[in-house]
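Please read the following structure with me. We will go through its features by question and answer.

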Amino acid sequence: MKKKQIMSVLLCGVMAVTTFAATGVSAQAADKKELTYWSMWNSTENQAKVIQEAADAYEEATGIHVNIEWKGRDVKTMIGAALDAGEAIDLFDDDFQRVVEQDGKYLVDLTEMAAAADYEKHIMPVLLDQAKKWGDDKLLVMPYQPYTTGVWYNKDLWEEAGLTDEDVPETWDELVAACKKIKEGGSGLNPMTCDSDFVNLLYGFQLARYVGQDKVMDIINNCEWADVPEAKKAAEEIQSLFSEGYMSEYAPANGTDGQSEIGYGESIMVLQASWVPNEIIQTTGTEVNWGFFPWPAVEGGTDGIEGSMVGSQGFGIVAKSEMQQEAFDFALSVCTGEYDLKMAESVNSIPADTDNTQWPAAILGAEPFFKNVTKSYMWAVGFQTNADYKEIIQEHLINLATQKETPDEFIEALAAAKK
Amino acid sequence: MKKNKTMIICFTLPATIVFLVMFLYPVIRTAMMSFFTMASVSDSMSTWEFVGLANYAELLKTSIFMTAMKNMLMIWLIGGIGVIFFALLFAVILTNGVRAKSFWRAIIYLPNIISAVAFANMWIYYIFQKRFGMIHNIFATLGLDKLARTDYMNGDMKFWSLLIAFSFGSVGYFMLIFLSGIERLPQDYYEAATIDGANKLQQFFHITLPLLKGVFKTILTFWTVSVVGFFVWSQMWSPVNSESQTITPVVYMYNIVFGNTGMSERMPGKGAAVGILMALVVLLIFFLVNRLFREDDLEF
């Protein structure tokens with residue numbers, strides 16, 4: 001019995017000591033300021049490593065710890081519910097359009113903080129315009145890691161196929177001529193390749209060149225496929241890339257198999273966003289000597305090479321945060337200056353800060369064109385905006401590419417699907 | 001032993017409360033959401049707008065939802081026939097004195113202990129890959145160039161490749177259920193039948209099958225639940241954009257509740273209606289199965 005009593009006293013003592021110790025730790029922790037950041041990256045990604053480095057530097061400079069929760073791409077499905085449930089989050093990141101359009105109601109207008117830090121001049125005009133347009137003139141997002149889209153080609157293979165800089169196309173006819181020259185040159189190389197998830201870029205660009213982004217959205221929303229002759233013309237032209245044998249025989253390929261053909265030295269060109277050089281290095285381990293040209297202009301088209309699918313990731317600062325300024329300062333350190341440059345170098349991406357003029361070599365070819373982009377297209381020119389229709393568009397685009405449907409059937413099918 | 005009701009309540013109350021909060025509340029909220037529209041799934045109820053049955057009516061007019069339902073039905077029916085056939089076949093073989101029974105049982109069940117993501121990748125990259133995959137290599141070795149060029153991951157073939165891979169992985173699980181059912185059957189029946197001159201096939205059709213009615217009921221219910229919740233495999237087959245060939249109602253629900261790539265619009269109310277419809281589908285199948293496999297007087 002006595003043993004039991006002694007044991008009880010001892011256990012109580014241990015509990016008391018633990019409680020006091022824990023209280024001490026919490027009190028200590030409470031003294032230290034902390035930002036909570038929900039990240040769209042996974043901790044193993046290169047972007048995450050740069051952000052972690054920026055967070056460590058920020059803590060060293062300010063004493064404020066940045067508690068980063070690496071949520072990955074699922075942040076887009078979790079953030080709204082988490083904020084509605086009262087989760088204490090100071091900032092998060094995601095696709096910059098989604099941050100503004102889907103989660104804008106949770107965010108603080110950064111206009112004043114941006115003015116105080118003279119931040120707006122660091123944002124690329126094409127991104128700033130878009131962000132403000134979606135945010136009704138409010139600045140709700142801080143863009144970083146921008147991307148542009150166009151045709152990436154392997155310069156060494158380009159030359160191996162007997163082409164020179166003179167052959168880099170600016171118009172559709174020139175693109176077809178370059179493809180023809182490669183195919184008939186006897187090098188055995190495929191002029192182009194593509195993956196099935198990105199056939200929508202090919203047709204999207206071609207259609208937008210003819211009619212512009214706004215009209216493309218009209219076609220999708222009002223089902224005007226059959227009423228716009230350019231829709232069929234674009235379909236005929238894109239299908240001709242496949243039927244003439246200008247595309248790899250494996251295109252449209254599964255996953256990223258198509259774009260990997262560039263790294264494996266089998267195909268020369270791919271239409272993709274500026275993350276593709278990095279992806280190809282990661283997948284194939286090949287350092288490609290990259291060239292770039294915008295998707296070519298078409299005869300009588302509304303848009304020329306000044307139109308492109310551009311976008312970026314972006315930070316949003318939560319309106320309920322009690323540390324808005326601190327969150328802004330931390331995000332600013334990632335979006336501009338040293339860490340923006342590090343981000344660009346680590347993943348071969350475009351620097352977000354206009355002061356950072358040194359682009360990574362892999363994507364340097366896109367720089368002169370990116371500066372002249374004045375018309376911003378949505379991703380896949382908006383083919384994925386309608387949740388009830390996007391799979392149908394995708395299905396028929398694949399049928400068009402694999403020549404299971406003629407351009408006429410393609411247009412008929414899309415027009416009929418929504419009625 | 002004297003029952004103390006107060007103590008029973010005290011002990012069961014925490015679990016009951018947790019159950020009500022964690023399970024019943026989401027179910028009720030989802031059911032309510034299906035009659036409203038709202039901007040996002042976690043919007044407060046005060047912002048919801050009542051639309052009555054409009055979400056359900058719209059769903060039935062949405063062609064991609066009907067495509068998703070058709071895909072689900074085909075997976076249930078064609079996949080179900082294949083899976084149940086092979087599961088039963090293997091179970092019968094394994095209970096008929098085959099050597100190294102435990103080894104074969106483990107081999108057939110193996111796909112179930114591998115994560116669906118890893119298993120799907122194995123199929124996509126090692127079996128169906130159109131340049132280096134196993135099927136390509138077999139046909140190429142046999143000189144069947146046209147067949148070797150088949151693209152299993154595009155167009156209509158995409159659905160069938162998905163169905164085959166998913167069904168392959170499901171056989172082992174249902175085989176185990178059949179196995180336990182068959183092993184439970186009294187051996188006397190078989191001995192009597194053997195004495196009466198019935199061969200193995202006759203024994204199977206006249207003894208095993210009728211006595212497995214209850215097991216069939218369980219298997220059909222489990223299969224229905226797994227097909228209605230078909231999500232991961234579809235996502236693996238179409239990881240970037242969902243596609244007509246691989247979309248299922250749950251994938252469609254996910255797309256419209258949370259949005260997908262490319263800023264697609266969100267319709268959580270309509271998504272909730274999908275959820276309710278799927279629950280009704282399970283209930284309907286459960287009801288039909290119960291009618292079809294009525295408990296009879298057979299006792300053993």
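A: Helices (H or I, at least four residues) and strands (E, at least two) are DSSP runs, numbered from the N terminus. This is a predicted model, in which local features need pLDDT of at least 70, side-chain atom pairs count only at pLDDT 80 or more, and totals for chains, interfaces and linings use all residues. Residues are numbered from 1 along each chain as its sequence is written, chains are lettered from A and ligands numbered from 1 in the order in which they are written, and side-chain values use heavy atoms, with hydrogens and water left out.

Q: Why is helix 3 of chain A largely enclosed by the rest of the structure?

A: Buried means under 20% relative accessible area, exposed over 50%, and partly exposed in between (1.4 Å probe, protein chains only). Helix 3 (residues 75-84) of chain A is largely enclosed because seven of its ten residues are buried. Among them are Val75(A), Ile79(A) and Leu83(A).

Q: Which strands pair with strand 3 of chain A?

A: Two strands pair if DSSP finds at least two bridges between them. Strand 1 of chain A runs parallel to strand 3 of chain A, with two bridges. Strand 10 (residues 311-317) of chain A pairs with strand 3 of chain A in the antiparallel sense, over five bridges. In this second pairing, Asp95(A) stands opposite Gln313(A).
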